[in-house]
Amino acid sequence: MNQFSRASERLVHVPLQGRAYDILIGPGLIERAGGEITSRLKGRRAAIVTDENVAPLYLEALMDSLQTDGIEAVSLTLPAGEKTKSLEHLSTVCDMVLSARIERNDAVIALGGGVIGDLAGFAAGIVRRGVRFVQIPTSLLAQVDSSVGGKTGINTRHGKNLLGVFHQPDLVLADTAALDTLSEREFRAGYAEVAKYGLIDQPDFFEWLEKNWKAVFSGAPERIEAIARSCQSKSDVVVEDERETGRRALLNLGHTFGHALEAAVDYDGRRLVHGEGVAIGMVLAYQFSARMNLASPDDASRVEAHLKAVGLPTRISDIPGELPPTQRLLDAIAQDKKVKSGKLTFILTHGIGQSFVADDVPSSEVLSFLDEKRSR
């Protein structure tokens, strides 16, 4: 019997036309995943993709739950880390899914963080031109961001997430008990994405986080509230703009700078993980907005102060080790998916919760800005 009470559980419904799905948020969901999946999907086979950090913690419990509810499952455990999002590992996952004879009504299940979710989702989107997909995110970052919305992808030498498809999940099970096994660094990295939702268009949520972040970190009920509000925010945007032709681009606040910094360290998680890159990137976005006289420097200072208070890096100089020349950072930005007709596109801001898409940002301004920030 599940040891957790369902009273603490939250449900966010994503009402996409013809592809609606639920996000369940609360403790103990991995232990009852089988029942939640069989109540929604017709297939009775599943291929689980996980990594070597998550598998020892949760794979057995998930397999037991699936077996109890009549789902025949196989699993594949991959190396942990950003470098797993590669063509080589995508091929391995696709081969496993096909070998398991997963049909269109069966499911690929991603058990892990954002890397596993992006990779497994990509495979689910292209095998047989699309099979069912279930996200079981085990990191805070994945629970509030990458598991929701249908973006999948892998990295190449040209940049991050440049190969991928949109493939919506059929169910997301965000087991908040799994967050108790995260390191402080991993949890902080995920929190950057939580703060992002307030900074995009919910100044009241950002103010709430400034007051309640310690409770979120400690595992108090505010944690589930923060995750639910983040998922609802993303759901609202995805329903309005599923394919990122307009408003959804705002979800990339901090990511243009952040992705360039990740590429600069060759996706070495010992130096910089995704959420840390986003944290630095959001501060840079606010500072760049102030430099362009679009926002007050006080807003940039407020954002930096909050992210620094929770223990996140906020400056380029916080990244250990040497970085490549600034021009290389700009080259990485020029490969970003948001670039249009070769023109740089950034998510900038007029203030807390007032983000907007800025097209045709002068590269010379970005270059001098980055040069300046590298020296501080």
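**Exercise 1.** In this predicted model, determine which residue forms a salt bridge with E242, and how far apart the closest N and O atoms are.

*Solution.* 
Step 1. The partner of E242 is R19, and the closest N and O atoms of this salt bridge are 2.3 Å apart.
Step 2. The two residues are then placed along the chain. E242 lies in the loop between α8 (221–240) and α9, while R19 lies in the loop between β1 (10–14) and β2 (21–26).
Step 3. Accessibility is assigned last. E242 has a relative accessible area of 15% and is therefore buried, the cut-off being under 20%. R19, at 38%, is partly exposed.

**Exercise 2.** Classify R32 and E36 as buried or exposed, and state which network of salt bridges links them.

*Solution.* 
Step 1. R32 and E36 form a salt bridge whose closest N and O atoms are 3.0 Å apart.
Step 2. The relative accessibility of R32 is 12%, so R32 counts as buried. E36 likewise counts as buried, at 12%.
Step 3. The network links R32 and E36 with E9, D22 and R40.

**Exercise 3.** Identify the salt-bridge partner of K85, and decide whether each of the two residues is buried or exposed.

*Solution.* 
Step 1. K85 pairs with E82, with 3.7 Å between the closest N and O atoms.
Step 2. K85 is buried, since its relative accessibility is 4%. E82 is also buried, with a relative accessible area of 15%.
Step 3. For context, a search of the whole structure finds 29 salt bridges.

**Exercise 4.** Describe the second largest pocket: its volume, the residues nearest its centre, and the make-up of its lining.

*Solution.* 
Step 1. The volume of the second largest pocket is about 390 Å³.
Step 2. Its lining consists of 20 residues, and those nearest the centre are T156, R157, G159, A263 and Y267.
Step 3. Two or more lining residues come from each of β7, α9 (255–264) and α12 (326–334). The largest share, 4 residues, is given by α12.
Step 4. By class, the lining of this pocket holds 7 nonpolar, 6 polar and 7 charged residues.

**Exercise 5.** Locate H158 and state how far it is from A263 in sequence and in space.

*Solution.* 
Step 1. H158 sits in the loop between β7 (154–156) and β8 (159–163).
Step 2. H158 and A263 are 105 residues apart in sequence, and their C-alpha atoms are 8.9 Å apart in space.
Step 3. The relative accessible area of H158 is 41%, so H158 is partly exposed.

Notes: Residues numbered from 1 in each chain as written. Predicted model: local features only at pLDDT ≥ 70, side-chain atom pairs only at ≥ 80, totals over all residues. Heavy atoms only, no water. Buried < 20%, exposed > 50% of the residue type's maximum accessible area, 1.4 Å probe, protein only. 1 Å grid on protein atoms, 1.4 Å probe; cavity = no way out; pocket = protein on both sides within 12 Å on 5 of 7 lines; lining within 4 Å. Points joined across faces, edges and corners; volume = space filled by probe spheres on them. Nonpolar A, V, L, I, M, F, W, Y, C, P; charged D, E, K, R; others polar. Salt bridge = Lys/Arg side-chain N within 4 Å of Asp/Glu carboxyl O.
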